[in-house]
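Please keep the structure open while reading.

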Amino acid sequence: MPHAILVLVFTAILAFMLAACDSHEQNDAVAYSPIGPVPHVPQRRGDPDKGYEALLNAPYITCGMPYSAYKQTAPPPEPEMLISGRPGRNAELPYNLTAYTTPEGVELVVNNCLHCHAGFFDGKLVIGLGNENLDYTEDRTAAVESIGAYVDDEAEAAEWRRWADRVRAMTPYRITDTVGSNPAINMTLALMAHRDSATLAWSQDPLIDPPPKTVAPVSVPPWWRMAKKNAAYYNTEGRGDLARAMMVGAIFCADDLDTVRNIDTYAPDILAYFASIKPPPWPFGIDAPLAERGRVVFERTCSGCHGTYGEQPSYPNLVLGLDEIGTDPVMAQNAAGGTSNRFIRWFNRSYYGETARAAPAMGYIAPPLDGIWITAPYLHNGSVPTIEALLDSSKRPKYWTRSYGSSAADYDPVALGWRYTELTEGKEGVKDSRERKKIYDTTLPAYSNAGHAFGDSLSPEERKAVLEYLKTL
Amino acid sequence: MAISRDAMVVRIAVVLLAVGLSLPPSSTQRRSAERVSPGATAPFASFSKTLKTIADKFPGDRSDRSLSFPFDHGVHPEAPTEIWEFAGQMHTAEGHHYGFLLSVTRLALQPQEPERPSAWASRDVYRGLLAFLDAGKDYYRASERFARTALGMSGYDAASPRIWLDGWTIQVAQEKTFSFTLRVEAAGTRLDLRMNARKPPVIPAARDLPAAAGGRLRGYILSRLAISGTVRHGEHDRSVSGDAWLNRSWGKMAPPGGQIALNRYQIQLDDRREILIFQLRRKDGSAPPVSSGLLIQADGRALPISENEVKLEPDAFWSNPSGTRYPVAWIMKFPALETELRLSPLVENQETDRSIRTWAGSVSVVGAGPRGERLTGQGFVELAGY
């Protein structure tokens with residue numbers, strides 16, 4: 001659907017990819033972050049209510065499909081796709097689209113952050129939950145081009161071309177192998193390659209080498225973790241002024257400094273909103289005594305990295321090295337292994353890098369586990385379908401698929417995760433591309449489900465108790 | 001979020017069929033439409049707006065109903081636009097090789113029957129285009145006609161069931177679900193053809209259409225129909241046999257104008273597979289063309305062919321007397337299928353210089369498959385926007 005097109009196209013861009021450091025200095029030295037605790041950096045204050053308004057209604061993405069073409073091609077959204085209280089044109093648009101009128105007076109429909117950062121559970125939209133069902137395996141260029149058939153007015157045509165050209169420049173770098181995997185990192189790097197770091201001006205030809213076309217899969221982390229985290233992203237590459245760091249999500253369309261300076265005025269509000277989001281409570285029953293036994297086990301074996309929860313929570317902001325965590329290394333290596341230095345430099349030279357800094361670590365941060373029950377599949381690459389399998393590596397499926405539905409029936413309240421089907425073969429043996437793209441094949445590079453085997457040392461009773469406790473977070 | 005790759009592609013395919021729709025602009029618009037420079041869309045703008053205004057008066061088709069036949073061969077009055085398009089090639093025992101295109105478009109003027117008492121008052125207008133090729137004689141002729149539904153000049157009779165436009169008729173057989181009889185005559189050529197589907201229809205699901213067509217376009221493709229009947233061209237009635245292809249669509253379609261032009265390639269291979277490819281071109285040439293389509297296997301299953309699975313290169317050109325240059329021969333490469341095909345026109349001049357000017361012609365197809373095996377077949381190509 002056209003909004004799906006827009007969506008697929010622009011989105012994941014809100015990759016808190018690159019980041020910040022405490023230095024305001026602009027220089028070309030690439031610095032990686034160390035393994036260990038991420039220090040706290042004071043953040044700009046923001047108003048969460050204003051942030052919510054801006055997130056849903058402000059035009060931080062400034063290119064998209066002309067509204068008139070949208071009206072001719074898009075079906076009216078299903079009721080569950082609407083968020084009540086949105087003003088004006090936005091009231092009629094699905095949650096992941098925002099109306100924007102350009103300075104030239106052209107009405108556009110543009111994507112917003114919610115495309116990747118809102119998901120459904122049991123028919124209800126959960127803002128901040130990563131959408132783990134998006135399909136980035138397809139090349140949608142023809143669909144984007146075909147929208148041009150509905151555009152007559154020359155000013156609208158110019159906007160359509162601006163949008164379609166960016167989509168086309170980015171597309172070769174964002175094709176994933178597997179439904180549910182998010183290509184936000186590669187999309188952002190591809191867009192950096194087309195922009196002047198100083199002026200942000202778009203160049204139809206890349207100015208630096210684009211990233212490799214092979215996309216390392218990423219599971220979209222929930223926004224509410226930002227309440228506790230001192231850095232953004234799995235490898236903590238977003239450092240310093242985190243509101244500025246996350247603004248790189250505007251890179252799809254932000255063609256000049258005025259645009260980003262304007263976004264910067266409300267970016268701290270949006271970050272404050274993220275931190276204010278309360279994860280949805282576990283919707284099923286809890287065995288309280290079992291959960292209490294689980295808390296004891298958790299605090300003995302898991303809290304060192306993941307923190308404690310309850311009245312006086314703690315969170316250590318701890319980055320673990322690849323040897324220690326043992327999860328798939330590709331994402332961390334891609335960022336901190338030297339091959340991405342041109343993108344780190346681009347960021348640090350740009351407006352985004354004035355107060356934020358890109359400084360990836362060669363490892364992954366142990367995330368806060370608030371609302372962990374709803375954030376399946378697990379690990380940074382989404383390679384483990386359930387908490388049960390995460391806590392017992394012998395239960396992790398080598399090849400698996402799922403419905404990609406989000407109803408209560410699609411959810412497994414015993415194992416904590418989306419129901420899945422274990423398969424006997426991986427992608428290689430499956431010819432039909434429609435089937436192949438739904439197979440999570442952990443034998444592929446970047447898709448490994450290894451590591452984080454800490455639960456293996458627990459007894460089955462202890463694992464059961466920890467699982468019960470995790471429901472309460 | 002539902003995902004269905006083939007549905008998506010079929011969806012795109014169907015909307016593009018609509019994009020390629022030849023709609024009848026008024027006589028004043030005809031010349032300007034032909035002579036516009038690339039990217040200049042103004043002459044179509046007002047016409048486009050009129051069509052949009054009409055289409056907006058129609059309710060969108062949001063139903064999830066399955067198509068049913070023969071019902072859906074006939075008219076859908078709730079849809080503002082509807083197309084029946086047959087294209088095929090035929091042979092005679094004497095060695096004649098013919099090609100044809102029969103396109104009938106119904107355009108509604110308003111959702112309701114007219115209230116004014118005039119016998120000329122009309123709810124719909126039908127447009128017909130017949131192009132006929134006698135390859136051996138280098139003969140190609142396109143004829144066009146329009147008729148309002150008033151005074152019985154055109155229309156649909158559900159009892160027969162039959163679509164007619166002046167003397168042209170498309171009869172839908174009631175006893176056999178996928179069979180048609182075409183009777184058309186123009187410019188000294190008369191076709192009396194029976195068409196029986198050799199394969200099941202490719203039908204996009206209604207819920208999947210919204211993506212490209214706003215949920216307002218439905219349709220089906222019969223990619224191989226056996227032709228039998230007679231052709232009178234010149235003095236003689238000759239028995240013919242061959243293969244045809246039917247595209248059917250109805251709903252709210254993309255109006256003419258816009259920023260893109262479309263080429264369409266329908267290939268029927270002798271190994272019983274068919275390939276449908278659309279190539280989208282920006283009229284201003286500001287980006288390379290994009291191609292995608294469908295592979296319909298011998299058993300009728302349709303598989304998508306995505307943008308990176310097909311490469312098209314023009315291989316020979318033909319210019320009409322006013323200098324418009326058409327790429328009339330094409331090399332088509334399918335890397336994933338390890339297949340390469342060459343499409344060659346049976347005759348270079350197959351231009352339909354009517355209310356909309358296109359090159360709409362029959363081609364022959366030769367090529368090689370993954371094991372080096374020789375592939376042969378026939379095709380129909382429509383080139384628009386040149």
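## Terms and numbering

Two strands pair if DSSP finds at least two bridges between them. Helices (H or I, at least four residues) and strands (E, at least two) are DSSP runs, numbered from the N terminus. This is a predicted model, in which local features need pLDDT of at least 70, side-chain atom pairs count only at pLDDT 80 or more, and totals for chains, interfaces and linings use all residues. Residues are numbered from 1 along each chain as its sequence is written, while chains are lettered from A and ligands numbered from 1 in the order in which they are written.

## Strand pairing in chain A

Four bridges link strand E5 (residues 118–121) of chain A to strand E6 (residues 124–127) of chain A in the antiparallel sense. Ala118(A) has Ile127(A) in E6(A) as its bridge partner. E5(A) and E6(A) form a hairpin with two residues between the strands, where Asp122(A) takes a positive phi near 50°.

Elsewhere in chain A, three strands make an open sheet in the order E14-E11-E15, with antiparallel pairing. Strands E14 (420–422) and E15 (440–441) of chain A are at the edges with a single partner strand each, so one side of each has no neighbour in the sheet. Strand E11 (residues 399–402) of chain A runs antiparallel to E15(A), joined by two bridges; Tyr399(A) is opposite Asp441(A) of E15(A).

Chain A has 17 helices and 15 strands. Of its 473 residues, 56% count as buried (20 or more other C-beta atoms within 10 Å of a residue's own; exposed is 12 or fewer, and partly exposed lies in between, with C-beta atoms placed from the backbone). Helix H6 (residues 154–170) of chain A has 17 residues, which at 1.5 Å a residue should span 24 Å, and its end C-alpha atoms are 24 Å apart, in agreement. The expected span is 1.5 Å times one less than the number of residues. Buried residues of H6(A) include Trp160(A), Trp163(A) and Met170(A).

In helix H14 (residues 341–349) of chain A, the buried residues include Phe343(A), Trp346(A) and Phe347(A). Helix H7 (184–193) and strand E9 (356–358) of chain A are among the elements that cover the buried residues of H14(A). Beyond four places in sequence, Leu470(A) touches Leu369(A), Ile372(A), Trp373(A), Ile387(A) and Leu416(A).

## Strand E21 of chain B

Chain B has four helices and 21 strands, and 50% of its 386 residues count as buried. In strand E21 (residues 374–384) of chain B, eight of the 11 residues are buried, so the strand is largely enclosed by the rest of the structure.

E21(B) pairs antiparallel with strand E12 (residues 260–269) of chain B over seven bridges, with Asn263(B) and Leu383(B) as bridge partners. Strand E20 (residues 357–368) of chain B also runs antiparallel to E21(B), through 11 bridges, and Ser362(B) is opposite Phe380(B). Five residues lie between E20(B) and E21(B) in their hairpin, and Gly372(B) in the turn has a positive phi of about 80°.

## Confidence

Mean pLDDT (the predictor's confidence in each residue, from 0 to 100) is 92 for chain A, with 94% of its residues at 70 or more.

Definitions and conventions:
Two residues are in contact if their C-beta atoms, placed from the backbone, lie within 7 Å.
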